[in-house]
Amino acid sequence: MQITITVNGAVYKREVEPRLLLIHFLRDDLRLTGSHWGCDTSNCGACVVWLDDIPVKSCTVLAAMADGHRVLTVEGLERGGQLDPVQEGFAQCHGLQCGFCTPGMMLTARWLLDHHPDPSPAEIREAISGQICRCTGYENIVRSILWASQHASWGQPDAGGDPVNGGGDPGGAEVTA
Amino acid sequence: MQVPAQVEYERAASVEHALDLLARFGPEARILAGGHSLIPMMKLRLAQPETLVDINGLAELSYLSVTNGRVTNGGVTNGGGTNGRVTNGGVAGGELRIGALTRHAQLLDSAVAGELFAILHDAEKVIADPIVRNWGTIGGSLCQADPSEDLSATFAALKATMVIRGPQGTRTVSARDFHTAPYETVVAPGEILMEIRIAIRPARGDQKAGGVRGARGLRGGSAYEKVGRRVGDWPVCAAGAALWLRGDTIAEAGIGLSAVGARHFAAAEAEDFLRGATATQENFARAGQIAAQHCNPSADQRGPVDYKRHLAQELTTRALRRAMLRAAAGPAA
């Protein structure tokens with residue numbers, strides 16, 4: 001079947017099998033390997049991406065289900081070479097060790113901060129409770145997200161722009177390769 | 001690497017269209033809602049449907065509404081998807097209605113649902129994890145009919161009603177008649193679970209069975225207690241309770257049990273014991289004992305039978321206690 005999915009503002013048309021999982025579509029068909037394929041059982045959260053405006057575990061969503069929808073991956077967090085404060089926070093606070101859980105953690109963090117700009121450490125822990133860091137570096141992940149909460153984001157209304165639709169950034173060019 | 005077997009994919013544009021697709025593709029077609037039970041089953045090849053009928057686009061199945069009832073806070077539904085609405089009829093006897101495609105996160109975000117039935121929020125907070133709750137649906141959980149499913153026990157405690165639509169029209173089934181076996185429900189091939197309805201006050205039929213003599217003066221409360229090994233896991237055991245009190249007397253009681261082999265996810269014998277009894281700690285403890293006696297847990301990697309039976313007793317008692325405290329704190333009808 002043919003599907004059309006807008007990923008990080010770019011439109012992709014591809015022929016896929018209906019059984020193809022969204023995580024494999026992103027990594028293998030689009031070569032967007034920032035999203036990680038981890039446990040394959042919707043436990044670890046390394047594969048979290050946004051489907052429209054909601055974080056989902058992309059190992060448990062068919063690419064066909066995303067046909068006609070928008071997807072945001074970790075590659076879409078930065079803009080014009082400028083890191084999202086969540087990414088900056090992970091760098092500042094040593095929020096990653098091996099980096100495997102990082103893309104999913106960041107996308108959940110961005111969603112949390114868009115909806116709860118001033119979360120407590122307990123609220124952050126609850127938000128990432130469906131995601132596993134195999135280095136067990138949770139302390140620094142929480143610290144990184146707190147850091148981001150104290151720094152303005154282009155993803156927030158006062159800074160303008162929309163991380164998925166591209167805001168003022170003409171990122172919607174069709175990619176047919 | 002876990003990959004589903006070959007499957008055909010159809011996207012439904014309306015409930016009628018979904019019913020047509022189910023009729024056309026026959027009993028090997030499956031409805032795909034959130035997919036957070038079905039897709040893992042397909043990846044393990046425990047389920048191999050020939051055709052998936054994707055209903056995720058059906059906004060008409062995603063809502064939380066209160067009909068013909070009184071909302072004590074004057075609130076409006078929150079996070080109810082496309083169609084959240086409150087009709088302030090100002091009289092008792094209304095219903096909370098939950099569209100089958102409502103996501104777990106939407107039910108958890110609904111202030112009105114939590115105010116009417118705190119058990120719904122208690123249970124939702126411990127179902128899977130926040131990301132899974134974003135996409136998994138209420139109807140999907142119920143139709144998966146896992147014997148350890150939390151909402152099955154929750155709706156059993158609340159004596160909810162399921163609305164099912166098929167080619168012959170719409171029918172309603174009590175939550176306690178919904179499950180026929182593990183992973184089996186009364187929803188036949190070609191049918192769709194549409195809605196879950198919860199009476200805001202005890203149903204008229206309960207008056208004959210027990211002490212409910214009209215809704216005036218009743219205070220209601222509900223709660224859910226679960227023991228799991230970690231975030232996102234199925235319960236080792238869970239218990240839900242819904243109580244209606246008139247003064248210190250229990251006018252009506254509902255008790256749900258999950259993961260311990262309780263018939264229809266309910267503890268009917270314990271409910272019978274409580275109906276008409278005084279709301280005391282001793283009676284709640286006794287109800288817990290009765291519930292534990294009548295359930296039928298199996299030993300597995302989550303624990304032996306005696307441990308699960310102990311949990312059934314203790315969690316039933318705790319849920320009843322917490323439901324009573326909430327009933328005492330809430331307004332009288």
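A residue counts as buried if 20 or more other C-beta atoms lie within 10 Å of its own, as exposed if 12 or fewer do, and as partly exposed in between, with C-beta atoms placed from the backbone. A:His94 has 13 other C-beta atoms within 10 Å, so A:His94 is partly exposed.

This is a predicted model, in which local features need pLDDT of at least 70, side-chain atom pairs count only at pLDDT 80 or more, and totals for chains, interfaces and linings use all residues. Residues are numbered from 1 along each chain as its sequence is written, while chains are lettered from A and ligands numbered from 1 in the order in which they are written.

## Chain A

The pLDDT is the predictor's confidence in each residue, from 0 to 100. Chain A averages 89, and 86% of its residues score at least 70. Over residues 155-177 of chain A the pLDDT is below 50. Beyond near neighbours in sequence, that stretch still has 43 contacts in the model. Two residues are in contact if their C-beta atoms, placed from the backbone, lie within 7 Å.

Chain A is divided into domain 1 (2-77 + 161-175) and domain 2 (85-158). These bounds come from an automatic or database domain assignment. Domain 1 of chain A puts 18 residues into the contact, and domain 2 of chain A puts in 16 residues. On the domain 1 side, strand E3 (residues 48-51) of chain A gives the most, with three residues. Helices (H or I, at least four residues) and strands (E, at least two) are DSSP runs, numbered from the N terminus. By class, this side of domain 1 of chain A has 11 nonpolar, seven polar and no charged residues. Ala, Val, Leu, Ile, Met, Phe, Trp, Tyr, Cys and Pro count as nonpolar, Asp, Glu, Lys and Arg as charged, and the others, Gly among them, as polar.

## Chain B and the interface

Chain B has 333 residues, of which 54% count as buried. Its secondary structure comes to 13 helices and 14 strands. Among contacts in chain B with a separation of 6 or more, 67% join residues 24 or more positions apart.

Where the chains meet, 25 residues of chain B are in contact with 23 residues of chain A. Strand E1 (8-11), helix H2 (38-43), strand E3 (51-54) and helix H6 (130-135) of chain B each supply at least two residues of the chain B side. H6(B) provides the largest share, five residues. That side divides into 14 nonpolar, seven polar and four charged residues.

Strands of a sheet pair through backbone hydrogen bonds, either parallel or antiparallel. Two strands count as paired if DSSP finds at least two bridges between them.

| Strand pair | Sense | Bridges |
|---|---|---|
| E1(B) and E3(B) | parallel | four bridges |
| E12(B) and E13(B) | antiparallel | 10 bridges |
| E13(B) and E14(B) | antiparallel | nine bridges |

The parallel sheet is open, with three strands in the order E1-E3-E2 (chain B). E1 and strand E2 (29-32) of chain B are its edge strands, each pairing on one side only. The twist averages 25 degrees from one strand to the next. B:Arg11 stands opposite B:Asp54 in E3(B). Helix H1 (residues 15-25) of chain B packs on this sheet and touches E1, E2 and E3 of chain B. The direction of H1 makes about 175 degrees with that of E3(B). Axes are lines fitted to C-alpha atoms, for helices over the stretch in contact, and angles run from 0 to 180 degrees between N-to-C directions.

The antiparallel sheet is also open, with three strands in the order E12-E13-E14 (chain B). Its edge strands are strand E12 (219-228) and E14 of chain B. Neighbouring strands are turned by 10 degrees against each other on average, direction ignored. B:Ala239 in E13(B) stands opposite B:Glu225, and in E14(B) its bridge partner is B:Leu257. The hairpin of E13(B) and E14(B) has two residues between the strands, and B:Gly247 takes a positive phi near 65 degrees there. Nine of the 10 residues of strand E14 (residues 249-258) of chain B are buried, so E14(B) is largely enclosed by the rest of the structure.

Helix H5 (residues 118-125) of chain B lies across E12 and E13 of chain B, running at about 10 degrees to E12(B).

## Two histidines with positive phi

A:His94 has phi near 55 degrees, a positive value in a residue other than glycine. A:His94 is found in the loop between helix H2 (85-92) and helix H3 (102-115) of chain A. Phi of B:His264 is also near 55 degrees. B:His264 is found in the loop between E14 and helix H11 (268-274) of chain B. With 18 other C-beta atoms within 10 Å, B:His264 is partly exposed.
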